[in-house]
Amino acid sequence: MPAGLALTHFAGRAGDHNDLAMVGSRELAEGLAALLGVEATTVGSPEPCLSVGWREELDAALPTLQEMADHLDQVLRSGRMSVSASSRCAVALATLPVVARHRPDAVVVWFDAHADLNTPETSTTGYLGGLAYSGALGMWDSGLGDGLSADNAVLVGARDLDPAEQALIDAGTVALVEVGPNMAEELRALVDGRPVYVHIDCDVLDAGTVPTDYLVPGGMTLADLHATAVVLAECELVGIEVGELESADDPRTPPSYVEALLDALAPLLAVPRRVEPAAGETGSGH
């Protein structure tokens, strides 16, 4: 386990369509606590989902998001590495500006089936989570800050893109590593040895790999995730946040999908990998 590690469980709602990620974040936090041998600090508490537009969702979540930002500020100020189990991607509206302030040298590596680069003006759905990365990049004002440079923004595995997001990628504003057999090496070249802060939306994985709100085909396998984790473990890790894992009401403790996910992320968590990939699990999700 890395020295000076802080484990955080964001337990509240943040633009939820349903309540399942608030349960999933608890399961993930419990799995991380057992794996790392540390106790999690909990921020917020579960509340019934609203499933409304981005403005109402942000207003409702803002006090808890600000609490998360203040907590992460203390963690990074103390020089500790941050590990967070979050409910939804919108929590990054609180975390990434803090990372950018403390570590402007760090690359934010955003694993997600979606780019989350929409703004309130370009969003076709009004979903708060779809505005998460763009807020930290200063493309709109969330009230939680920004400061992340596009030069320090890398998307991994995004494949369900809206036109405005595709235009940003086509223009080279934000780099994208597509799912494929060479993605680990492509990621290594883009990061280029710089410090990293890793955001993982579990729907970056191929549909059905773990329980998620969105099921997007053509995603990463767990073996792909492990291979990219190996590459990122070569760098200084400022922190890692994992969200969008929904509960499947699995009776096992910890649920099997939590164990599989943490096993794939083992290089970043500085723990030995327990399970070798099964036959056929070594390539891309295509």
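Colleague: With which residue does Arg55 form a salt bridge?

Modeller: A word on the source first: this is a predicted model, in which local features need pLDDT of at least 70 and side-chain atom pairs count only at pLDDT 80 or more, while totals for chains, interfaces and linings use all residues. Residues are numbered from 1 along each chain as its sequence is written, and side-chain values use heavy atoms, with hydrogens and water left out. A salt bridge here is a side-chain nitrogen of Lys or Arg within 4 Å of a carboxyl oxygen of Asp or Glu. With the closest N and O atoms 3.0 Å apart, the partner of Arg55 is Asp59.

Colleague: In which helix do Arg55 and Asp59 both lie?

Modeller: Helices (H or I, at least four residues) and strands (E, at least two) are DSSP runs, numbered from the N terminus. Arg55 and Asp59 are four residues apart, about one turn of the helix. Arg55 has a relative accessible area of 35% and Asp59 one of 44%, and both are partly exposed (buried means under 20% relative accessible area, exposed over 50%, partly exposed in between, with a 1.4 Å probe and protein chains only). The helix that holds both residues, at 54-77, is H2.

Colleague: How many residues apart in sequence are the parts that Glu246 and Arg88 tie together?

Modeller: The side chains of Glu246 and Arg88 meet in a salt bridge, at 3.1 Å from N to O. Glu246 lies in the loop between strand S8 (237-243) and helix H8 (256-264), and Arg88 in the loop between strand S3 (81-85) and helix H3 (92-102). Glu246, at 5% relative accessibility, counts as buried, and so does Arg88, at 1%. Because the two loops lie so placed along the chain, the parts tied together are apart in sequence by 158 residues.

Colleague: Which residues are linked with Arg88 in a network of salt bridges?

Modeller: A search of the whole structure finds twelve salt bridges. The network that includes Arg88 also holds Asp16, Glu244 and Glu246.

Colleague: What is the volume of the largest cavity?

Modeller: On a 1 Å grid over the protein atoms alone, a cavity is a set of points where a 1.4 Å probe fits but cannot get out, and a pocket is an open set with protein on both sides within 12 Å along at least five of seven lines; lining residues have an atom within 4 Å of a point. Grid points are joined across faces, edges and corners, and a volume is the space filled by probe spheres set on the points. The structure holds one cavity of 30 Å³ or more, and Arg88 is among its lining residues, as are Cys89, His199 and Glu241. The volume of the largest cavity is about 40 Å³.

Colleague: Which residues are the closest to the centre of the largest pocket?

Modeller: The largest pocket has a volume of about 260 Å³. Its lining has three nonpolar, seven polar and eight charged residues, where Ala, Val, Leu, Ile, Met, Phe, Trp, Tyr, Cys and Pro count as nonpolar, Asp, Glu, Lys and Arg as charged, and the others, Gly among them, as polar. Of the 18 residues that line the largest pocket, the closest to its centre are His114, Thr125, Tyr127, Gly130 and Tyr214.

Colleague: At roughly what angle do the axes of H7 and H8 cross?

Modeller: Axes are lines fitted to C-alpha atoms, for helices over the stretch in contact, and angles run from 0 to 180 degrees between N-to-C directions. The axes of H7 and H8 come within 8 Å, and the residues in contact (heavy atoms within 4.5 Å) include Leu222 and His226 of H7 and Leu261 and Asp263 of H8. The crossing of the H7 and H8 axes is at roughly 35°.

Colleague: Is Asp192 buried or exposed?

Modeller: Asp192 is placed in the loop between H6 and strand S7 (196-201), and its phi is near 55°, a positive value in a residue other than glycine. Most residues other than glycine have a negative phi. With a relative accessible area of 60%, Asp192 is exposed.
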